[in-house]
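Visitor: Please pick one part of this model and go through it closely. I would like the helix packing in particular, with every cut-off spelled out.

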Amino acid sequence: ERCVGIVTSLTSGLSEREANDALNAHICKGTPQHEEICLGLFTLVLTDPAQAQKCYRAPPLVSRDGTPPVLNKINPPPMEKYLKPPPTCRTQLVWLLPPLVKSGVLPPDGVCMTFPPQIAVARSPCSIQLLFPGAPPGGDVTANPPWLAENVLPPLTEQRYGPPPSQLSLPPPMAVYTYPPPIVDHHGTPPLQALRQTPPEFCISLPPPRFMDCFMIGRDLVRLLQNVARIPEFEQLWKDILHNPQVLSSQFTGVLQLLQSRTSRKFLACRLTPDMETKLLFMTSRVRFGQQKRYQDWFQRQYLSTPDSQSLRCDLIRYICGVVHPSNEVLSSDILPRWAIIGWLLTTCTSNVAASNAKLALFYDWLFFNPEKDSIMNIEPAILVMHHSMKPHPAITATLLDFMCRIIPNFYPPLEAHVRQGVFNSLTHIVEKRVLAHLAPLFDNPKLDKELRAMLREKFPEFCSSPSPPIEVKIEEPVPMEMENHLEKDDGCYDNAEAAFSDDEEELN
């Protein structure tokens, strides 16, 4: 307020040229005065739309050093608090983004990296306000156009033909990765018609080298596009990926190439808001096993209480599997394990579609698992969810085992042999790393019905034979960057258990 008052008092009643002269005279007094003027102008841009144009033109005329005070205010981590300002400020910040990116003052991987999580989680009445500032309470998205989504993508698309791929910033693939979820959740909403058309056009119109920048997303790009493949605007892109990959890029050989590529952590993390990420990391690093119910209840009330939030569970599970990799110190403590959080998320699914997608998210890294490229940390939660659910929640174990068997022929029939090999590689690696000493007690458990046990024996006979008495063997990891921590402790349940932990994982430096 003080900086705004100084700018207002210096420029009141003056023409734009006279106002710039007055501001220049003030900043010549010293560095504090220079910062006051820059922050005052920036604040006016965010709070007073009527003066936004004039105040935006002023900083380049009065600033001596590229307005670093302004850039420091709009770059993360302050941008992580995007939800807190009133709607006018959020709308003005989106208005400010394109000219800053276009002029080169602000690199697109600054502010642009902050918006994708806000867009991707627009599944509840609260977060819909991000896509539709000024929408009435209750999430009536038909009242206003999707300001955030429609205004963040254009500055990214303008960079399609900019620098070479080696200098390309992250946002283009980030944009392709970000937009499908809100389109799926609100695909019947008229204001989203333009949004539905833009991402596939953006992806297809990239020159061949640039499509391979979107290839860096990895296998999760296929998982997201599956959800929108039947929407007409995405249908052709999906067909090209499956049947005509050379149209997209001469280096793109087909969907198998994508599915065999591991998704980077930065993409998995961008689907969660900073606040969600902070809460999940807190639960997996500070909360004791058996004392998690209050935190889970709060998280569910805050983010998972609406019908539109069902699809958010997939992103949470993918984040936990691919990003949250506890250290050996955490593994040897009584901290809440990853499998317990995932088991809780599975029990909160109230939609059959959401439950199926959540199970796919849990097993997704299994389908094309390659021990030389993929991490045991990504596949370990699924087997431990099944192992620890056998006592308290046998229905969860049964439905996950059934899903694991049925996904092999049904995921994509032309690649059935690859999926079968990927699941087999996962189970073999789990036993080799001694996440579980043997799988027969899980696959041939009397709590499972006979049909499921017969299907498991048919699909995985190698893991169903009665095991020999276990022999303690010290395993030395040949790769020095990876360390194993294998623990066997008592079973527990998701919400109400003593501090018991069984989570055999490796720590990646």
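Guide: Buried means under 20% relative accessible area; over 50% is exposed, and values in between are partly exposed (1.4 Å probe, protein chains only). By that rule, buried residues make up 53% of the 509 residues in the chain. The model is predicted: local features need pLDDT of at least 70, side-chain atom pairs count only at pLDDT 80 or more, and totals for chains, interfaces and linings use all residues. Residues are numbered from 1 along each chain as its sequence is written, and side-chain values use heavy atoms, with hydrogens and water left out.

The chain has 29 helices and 2 strands. Both are DSSP runs numbered from the N terminus: helices are H or I, at least four residues, and strands are E, at least two. Contact means heavy atoms within 4.5 Å. Of the contacts with a separation of 6 or more, 74% join residues 24 or more positions apart.

Now the part itself: helix α15, residues 220-228. This helix is largely enclosed by the rest of the structure, because 7 of its 9 residues are buried. They are Asp220, Leu221, Val222, Arg223, Leu224, Leu225 and Val228.

Next, its packing. Two packed helices are described by the angle between their axes and the distance between the axes. Here the axes are lines fitted to C-alpha atoms over the stretch in contact, and angles run from 0 to 180 degrees between N-to-C directions. The partner is helix α16, residues 232-243. The two axes come within 10 Å and cross at roughly 135 degrees. Angles under 35 degrees are roughly parallel, over 145 roughly antiparallel, 65 to 115 roughly perpendicular, and the rest oblique. α15 and α16 are therefore oblique. Their crossing is left-handed: the near helix is turned anticlockwise from the far one by less than a right angle, while clockwise would be right-handed.

Val222, Leu225, Gln226 and Val228 make the contact from α15. Phe234, Leu237, Trp238 and Ile241 make it from α16. By class, that is 7 nonpolar, 1 polar and no charged residues. Ala, Val, Leu, Ile, Met, Phe, Trp, Tyr, Cys and Pro count as nonpolar; Asp, Glu, Lys and Arg as charged; the others, Gly among them, as polar.

For reference, take another pair. Helix α26 (residues 394-410) packs on helix α29 (residues 450-459) at about 45 degrees, with the axes 10 Å apart. This pair is therefore oblique too. Its crossing is left-handed. On the α26 side, the contact residues include Ala398, Leu401 and Asp402. On the α29 side they are Leu452, Met455, Leu456 and Lys459. This contact has 8 nonpolar, no polar and 3 charged residues.

Trp339, Trp344 and Leu345 are among them.

Last, the cysteines. The structure holds 0 disulfides, a disulfide being a pair of cysteine sulfur atoms within 2.5 Å. The sulfur of Cys38 is 9.7 Å from the closest cysteine sulfur, in Cys3, too far for a bond. Cys38 is buried at 2% relative accessible area. Cys3 counts as buried at 15% relative accessibility.
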